[in-house]
There are 2 protein chains.
Amino acid sequence: MLTHPELKATIEAQLATDDANDWLLIVNNNQDADTVEVLEELDPEQTASLLVRLPSPHFASLFSYLSPAYQDALLKVIDQPEQLRLFKAMARDERVDVYQRLPEQEQKEILPKLAKQEQEDILRMAAYPDGTVGAVATSSYVAVPENMTVIEALRYVRKNAPTMETIYQLYIIDKDQRLIGTLSLRELMMGKDDSLIKDVMRTDLVSVNANEPQQEAPDAIRRYDLLAVPVTNGGDQLIGVVTVDDAMDVDVDESTEDFHKGGGTLALKDVSLRQASTWTMFSKRAPWLLVLVFANMFSGAIIESYEDTIVTYVALVFFLPLLVDSGGNAGAQASTLMVRALATGDLQLRDWFKTLGREFWVALLLGVAMSVAVYGLGLYRGGADIALVVSISMVAVVLAGSMIGMSLPFLLSRLKLDPATASAPLITSIADAVGVLLYFYIAVTVLGVPTT
Amino acid sequence: MLTHPELKATIEAQLATDDANDWLLIVNNNQDADTVEVLEELDPEQTASLLVRLPSPHFASLFSYLSPAYQDALLKVIDQPEQLRLFKAMARDERVDVYQRLPEQEQKEILPKLAKQEQEDILRMAAYPDGTVGAVATSSYVAVPENMTVIEALRYVRKNAPTMETIYQLYIIDKDQRLIGTLSLRELMMGKDDSLIKDVMRTDLVSVNANEPQQEAPDAIRRYDLLAVPVTNGGDQLIGVVTVDDAMDVDVDESTEDFHKGGGTLALKDVSLRQASTWTMFSKRAPWLLVLVFANMFSGAIIESYEDTIVTYVALVFFLPLLVDSGGNAGAQASTLMVRALATGDLQLRDWFKTLGREFWVALLLGVAMSVAVYGLGLYRGGADIALVVSISMVAVVLAGSMIGMSLPFLLSRLKLDPATASAPLITSIADAVGVLLYFYIAVTVLGVPTT
């Protein structure tokens, strides 16, 4: 296999010629994912001139590996006959995605030029909104009748292999298109030649509903070790499948979204961080930062109300960042653990109470350990009284921060909101206000109200 | 398919009998993943009594779905002949994992009782340390000679289907065990009966080295849309494959580890949050919290050196949490975005400089927006001078926090350290110290050094 610079030089040499055979050989001898990495570094016009020279299956396959943004740029410079050739050769799920991103005018132009069946397929699959299982499903799957024999089914699969998204999972449906059985190609191959499909198929069906969130598809595939999960509509009819490669992409996208939310950024849907504009980045980051500015004003207001205490015991201010940060850090730890465990299914809503009990003891231990760590510093910088205030406050803020960080994701989940909203910055800001309040309350209790 | 409570009642009824047929029927009619969820709620003794009644393939399959902790508990109550039966029936990769967790004494007892080939397989695969590709690979794959015909290969696959981890990807190796070609079962089925394998196989090989980090396997599978990726040793010899189901598990585990690190918690290897003890949770969370306590002491020391300024302009303290948190929040956003983009490959080390430039402008815009938001509050609470200090400081701390948060993951990556170490709490603590420094420096510059 060629390295990226070698492949780039080879492909760029092709731009100077219009030889189709050499270029086809290059495409065949390299992985599409690698070839596409080079193509995305070329101008769309250059890439277009290379792609249209290829036979339809190669054209469509390379196109499907391109990023959505580059695909759209490319479609603007490919003429209609070539667009049509591409549309006819693309995998069905890919075709629906590209179709949906076309301007309305172009949608209207291209749709009538496709075969009747292709038109219906696009319109049906395009009906599922982004983020649902239906939107990542493909209607390209192998269905076999229950009265076929194993050897007949094997021949049927072999014949249909070139055009199907996956041939490794077979579906058996009744006359109303309802799923009644599944069979992996491996199970089919293990059957006797003259056995009937209905006698070897599995009836312990796993399926997901097309209207559910897209994460349901990879979850089912991972849980049941499938290569594809069947997708049904409200009436239990089979409308498509989600294959494991698409499911893996959904898994990674959803994790990335949770990561971004965990850092207090709005989800960057389909946007590569490499290509995102300054304005996009600003608009995704500003909302939470501004909300948190106002949240942090509470901390300021609390401090203001203890103005006299601060002026009398100015050493208290030295420990302010240390204490409020420690509460925020413990809270960020707790919320991150909970958000992820709720996302992977390691924890369920019903585990809240049990987890709360353990969190109390963990946080108490953490608070005491950190309290010991700062006691000496308190003694050195502020004397015995300040040291006492700082130690007690440390236990209190770590305990409070942890309980808030642990509970908020559960609470959000209970309210049917996304637990990932309990981001580290949000928890830090809440824990800070609570920490400031606890700190000065403990200070006034131990040191007494100053009498100025 | 039965619901969890229904399945639980059905299985518990089986505990009272020792009928093997009914129980086998239940296992066959339900997904193993669902059955195992019930079994894990029973005592290991109860589960053992159910499992040993089953034929070996069912016994081994259910066992493989159990959590590692429960598997270990189960092995303690299963007698040796049954253990041996289990070992012989388990998938090869699963068997190595279980073997490695056995106490040394038991390893020595069970190994000689296995077939020669099984012994060698275990010892060879057990040599790869946890976290490498080798440790998640299986040596169970279909290899075909290059001079076989398509129809012969199809018969061969069919014959070997029951015992192989995957039959959907075939490997062609030379006499020195070196990989020379691959062929998907789909491509094989699309070939003509009498074509030779060497004429239909693919030679644009993708493989991963057994000693590389385990994340390489799912990355290759996702990038090239594979169902399994071949694993080679240092000498380019094929030693096994990683299948897509195992790769998906690696993907999720690695994401979870990054999440935990991002929240400032050490990785909880193979530990379920549901089952983790108070002590485990404490020991994973305490180290970073304690390190950060000492980091935060810098902030305190900086504040202490500005004692006179604070006493003179006590209103400055009201804005302290607001300003330092804002810098920390912007930094946490930036680091989270970078850590994830570096993990998914969206950004590479070489993108540092370009990203730094964009980050500067994004952070400047964010700082100005937040500065505008706090100017009024500064005016109201502290007058024109304080408002000026607070506004300038806001731009400075957001800019500083963002640049630190953005750069640290790249820097860690450059030093061959894990970028995920740049957690939200770490960035917050660093940004806080820098923020305090900037704030008081700007305050003294604008307001002048107090003359007490």
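Guide: Let us begin with a term: angles under 35 degrees count as roughly parallel, over 145 as roughly antiparallel, 65 to 115 as roughly perpendicular and the rest as oblique. The structure is a predicted model, in which local features need pLDDT of at least 70 and side-chain atom pairs count only at pLDDT 80 or more, while totals for chains, interfaces and linings use all residues. Residues are numbered from 1 along each chain as its sequence is written, and chains are lettered from A and ligands numbered from 1 in the order in which they are written.

Visitor: What average pLDDT does chain A have?

Guide: The term pLDDT is the predictor's confidence in each residue, from 0 to 100. Where pLDDT is low, the predicted coordinates should not be read in detail. Chain A averages 89, and 99% of its residues score at least 70. The model as a whole scores ipTM 0.82 and pTM 0.83.

Visitor: Where in chain A is confidence lowest, and where is it highest?

Guide: Helices (H or I, at least four residues) and strands (E, at least two) are DSSP runs, numbered from the N terminus. Confidence in chain A is lowest in helix H10 (residues 116-125), with a mean of 86, and highest in strand S4 (residues 208-209), at 95.

Visitor: How many residues of chain A are in contact with chain B?

Guide: Two residues are in contact if their C-beta atoms, placed from the backbone, lie within 7 Å. By that rule, 97 residues of chain A touch 97 residues of chain B. Helix H20 (residues 320-344) of chain A supplies the largest share of chain A's side, 16 residues. For classes, Ala, Val, Leu, Ile, Met, Phe, Trp, Tyr, Cys and Pro count as nonpolar, Asp, Glu, Lys and Arg as charged, and the others, Gly among them, as polar. Chain A's side of the contact holds 55 nonpolar, 23 polar and 19 charged residues.

Visitor: Which rotation superposes chain A on chain B?

Guide: Copies are superposed by least squares on the C-alpha atoms of residues with pLDDT of at least 70 in both. Here a rotation of 180° with 0.0 Å of shift along its axis places chain A on chain B, with an RMSD of 0.1 Å. The two copies are thus related as by a two-fold rotation axis. Of the residues of chain A, Val311(A) comes closest to that axis, its C-alpha lying at 3.0 Å. Moreover, 100% of the interface residues of chain A are also interface residues in chain B, so the copies meet through the same surface.

Visitor: At what angle do H21(A) and H17(B) pack?

Guide: Axes are lines fitted to C-alpha atoms, for helices over the stretch in contact, and angles run from 0 to 180 degrees between N-to-C directions. Helix H21 (residues 352-414) of chain A and helix H17 (residues 278-305) of chain B pack at about 30°, their axes 9 Å apart. They are therefore roughly parallel to each other. Their contact has 16 nonpolar, one polar and two charged residues. Trp361(A) and Leu365(A) are among the residues of H21(A) in this contact, and Phe282(B) and Leu289(B) are among those of H17(B).

Visitor: What angle do H20(A) and H22(A) make where they cross?

Guide: The axes of H20(A) and helix H22 (residues 424-447) of chain A come within 8 Å and cross at roughly 140°. That makes H20(A) oblique to H22(A). The residues of their contact divide into nine nonpolar, seven polar and one charged. Those from H20(A) include Gly327(A), Gly328(A) and Gly331(A), and those from H22(A) include Ala431(A) and Tyr439(A).
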